[in-house]
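Subject: Structure handover

Hello,

Here is the structure for you to look over. My notes follow below it.

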Amino acid sequence: MNYMNIFKDIEAKRFKSIYLFYGEEEYVKQQALNQLVDALIDPQFRDLNYQVMDGSEVGVDEIINACETLPFMSDRRLIVVKDSVFLTNRRNGSDNQNSVEGGKRLGEYIKDIPPTTYVIFYVRNGIGSKSGLYKSIKKIGSVVEFSRLEDIDVKRWVVREIGIHSKTITKPAIEQFVYL
């Protein structure tokens with residue numbers, strides 16, 4: 001999925017239960033994550049229903065337990081797993097075979113994830129597109145690549161952001177801003 005479509009889906013309140021965000025455009029990726037959190041989780045109960053996990057530190061069982069936890073005083077629970085070893089090419093000192101098996105197990109689990117749980121796998125660098133987890137996410141959820149913005153897209157973004165604050169900018173100023 002093109003990353004622009006995720007913003008359209010959020011605006012239209014069309015949500016998937018599983019997402020994979022990856023790519024080098026960190027700012028836009030973080031904005032998509034923030035908007036999904038705001039759209040899915042009531043701010044009053046965010047501390048109870050929103051959990052961020054370091055995927056290089058947690059195993060399959062911890063991720064599954066987080067997903068199985070029921071939401072508290074809300075309809076939804078959101079789990080964000082950052083830089084999971086089951087999706088990245090880095091194994092962080094762990095046994096490669098365990099990572100492959102763990103990815104397969106997690107890939108099987110997410111096929112039957114509770115309807116109250118939403119999961120976002122957030123990867124800062126490259127992904128291993130041959131993993132069982134990746135294949136499962138692609139089949140039942142949304143895989144969103146945040147590739148580096150083109151100059152024209154950056155210029156449009158600058159104009160839109162400045163417009164939000166009721167300001168204007170000239171074309172030469174946009175060119176200089178983007179250049180810097």
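This is a predicted model, so local features need pLDDT of at least 70 and side-chain atom pairs pLDDT 80 or more, while totals for chains, interfaces and linings use all residues. Numbering starts from 1 along each chain as its sequence is written, and side-chain values use heavy atoms, without hydrogens and water.

Backbone first. K13 has a positive phi, near 60 degrees, though it is not glycine. Most residues other than glycine have a negative phi. K13 sits in the loop between α1 (3-11) and β1 (18-22). (Helices are DSSP runs of H or I, at least four residues; strands are runs of E, at least two; both are numbered from the N terminus.) K13 is exposed, because its relative accessible area is 57% (exposed is over 50%, buried under 20%, partly exposed in between; 1.4 Å probe, protein chains only).

S166 also has a positive phi, near 55 degrees. This residue lies in the loop between α7 (151-164) and α8 (171-179). S166 counts as exposed because its relative accessibility is 67%.

Of its 15 lining residues, M4, F7, V28, W157 and R160 are closest to the centre. α1, α2 (26-40) and α7 each give two or more residues to the lining.

Best wishes

Key: 1 Å grid on protein atoms, 1.4 Å probe; cavity = no way out; pocket = protein on both sides within 12 Å on 5 of 7 lines; lining within 4 Å.
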